[in-house]
Every structure is written in structure tokens, then in C-alpha cells.
Amino acid sequence: MVALAAAGDTDASMIEAQTILRKDPENVSVYRNMSGMYYNQGNLGMSLLCAEKALALNDGQPSIYNNMALTYLQQENEPKAIENLKTAIKLDSKNYEANMNLGFIALNSGDYQLAFEIYRLIHADFPDNIECLRYLVHICDDLGKKDQVHEYAVKLRKAERALDAMGGGADTRAAPTQP
């Protein structure tokens with residue numbers, strides 16, 4: 001099912017998911033995957049319904065909370081999004097996507113100091129992450145932290161050179177990440 005969805009065959013993936021659920025109606029991973037597929041189709045209601053079903057079946061995976069947060073963001077329900085991201089982070093404090101998305105929300109709402117603190121913590125866990133370093137350079141510049149702008153800019157250039165040396169090209173991901 002995941003391979004079909006990754007290949008872009010959502011219809012076949014949904015049929016396969018329904019077939020699996022007929023045999024195993026409590027298959028948490030199927031509900032989690034269906035939540036992501038519905039999200040990608042723009043069907044936010046069904047995405048939430050599947051995510052909630054996965055949670056009801058005791059899905060302790062932080063990713064489902066991150067997915068629900070993204071859905072709530074699409075519905076412009078920031079408080080519910082933050083609540084779900086905090087739950088994902090509580091389950092896994094080093095959850096990269098949930099932390100990045102929480103930082104993105106803080107940045108988007110204009111709370112640059114909170115965004116700085118969040119991205120600084122992410123950087124401690126992922127020191128070579130280009131996406132995080134880019135946010136830190138931007139935020140420090142906006143906050144007028146000139147010494148830290150320079151510090152993070154140097155780290156960013158070093159990480160980008162290392163990525164280029166490995167043949168990875170530029171890291172172009174941007175938060176919020178999708179399910």
C-alpha cells in the first residue's frame with residue numbers, strides 16, 4: 001500500500017487499504033497511511049477521521065500527532081495543531097518533524113524568540129541540518145543577533161559544502177512537513 005501511494009497510485013492504495021481493513025479492522029498502520037493519503041488529496045476531514053481511528057486503537061506513534069497537526073494547520077486551527085505537535089514531542093522529544101513544525105508555527109505567528117529557542121534545541125540534536133540552520137540564520141538576523149547570525153551562517157556554509165561534497169546538492173525541504 002505504501003509503495004503504491006509513493007508511486008502515485010492513490011486509488012489502488014485505497015482499495016488495498018480497504019481490503020486489509022476488511023480482514024483486520026484494527027490495523028493501525030493502515031489508518032495512519034490512509035490519513036496521509038487523504039491529507040495529500042486535500043480531504044482533511046477523512047484525514048482526521050483516519051488519524052483519530054489510529055489513535056483510538058492506541059497508536060503511540062508521534063507521526064500521527066504530527067500528521068493531525070498539519071491537518072489542523074490546513075484548517076487554520078492553530079491551537080489544536082500546537083496541542084498535537086506538543087503531544088508528538090512529548091512522545092519523542094527528538095522528533096525532528098514535530099519540532100520543526102512547532103518552530104514554523106512560532107515563526108509564522110511572529111514569536112521569533114520562541115522560534116529561536118525551538119530551532120536552537122533542534123540544532124543541538126541535528127547540528128548539520130541545513131534546513132534548521134537556514135531558519136536560525138534568518139531568525140537571528142531578524143532578532144538583531146549579529147554574532148549568532150555569523151555563527152550559524154558559518155555552520156550553514158560548512159554543512160552545505162559537506163552536502164555538496166557528498167553529491168547531495170542543495171537541501172530544499174521546507175517546514176511544515178507533510179504526512
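The model is predicted. Ten of the 13 residues of α5 are buried, so the helix is largely enclosed by the rest of the structure.

**Surroundings of α5**
- The buried residues of α5 are Pro 62, Ile 64, Tyr 65, Asn 66, Asn 67, Met 68, Ala 69, Leu 70, Thr 71 and Tyr 72, and what covers them includes α3 (28-41), α4 (44-56), α6 (78-91) and α7 (96-108).
- After α5 comes Glu 76, which has a positive phi, near 60°.

**Nonpolar core**
- The largest nonpolar core holds 50 residues, of which Met 34, Met 100, Tyr 119, Ile 122, Tyr 135, Ile 139 and Tyr 152 touch the most other members.
- Leaving aside residues up to four places away in sequence, Ile 122 touches Tyr 96, Asn 99, Met 100 and Cys 132.

**Aromatic rings**
- The count of aromatic pairs comes to two.
- Tyr 96 and Phe 126 form an edge-to-face pair, 5.3 Å centre to centre with 75° between the planes, and this pair links helix α7 to the loop between α8 (112-125) and α9 (130-143), 30 residues apart.
- Tyr 96 is buried, at 12% relative accessible area, whereas Phe 126 counts as partly exposed at 28%.
- Tyr 119 and Tyr 135 form a stacked pair, 4.8 Å centre to centre with 5° between the planes, and this pair links helix α8 to helix α9 across 16 residues.
- Tyr 119 counts as buried at 0% relative accessibility, and Tyr 135 counts as buried at 15%.
- The charged end of Lys 145 sits over the ring of Phe 116, 4.5 Å from the ring centre.

How values were computed:
Residues are numbered from 1 along each chain as its sequence is written. This is a predicted model: local features need pLDDT of at least 70, side-chain atom pairs count only at pLDDT 80 or more; totals for chains, interfaces and linings use all residues. Side-chain values use heavy atoms; hydrogens and water are left out. A nonpolar core is a set of buried Ala, Val, Leu, Ile, Met, Phe, Trp, Tyr and Cys residues joined through side-chain atoms within 4.5 Å. Buried means under 20% relative accessible area, exposed over 50%, partly exposed in between (1.4 Å probe, protein chains only). Contact means heavy atoms within 4.5 Å. Helices (H or I, at least four residues) and strands (E, at least two) are DSSP runs, numbered from the N terminus. Rings of Phe, Tyr and Trp (its six-membered ring) pair if their centres lie within 6.5 Å; planes under 30 degrees apart count as stacked, over 60 as edge-to-face and the rest as tilted. A charge sits over a ring if NZ of Lys or CZ of Arg is within 6 Å of the ring centre and within 35 degrees of the ring normal.
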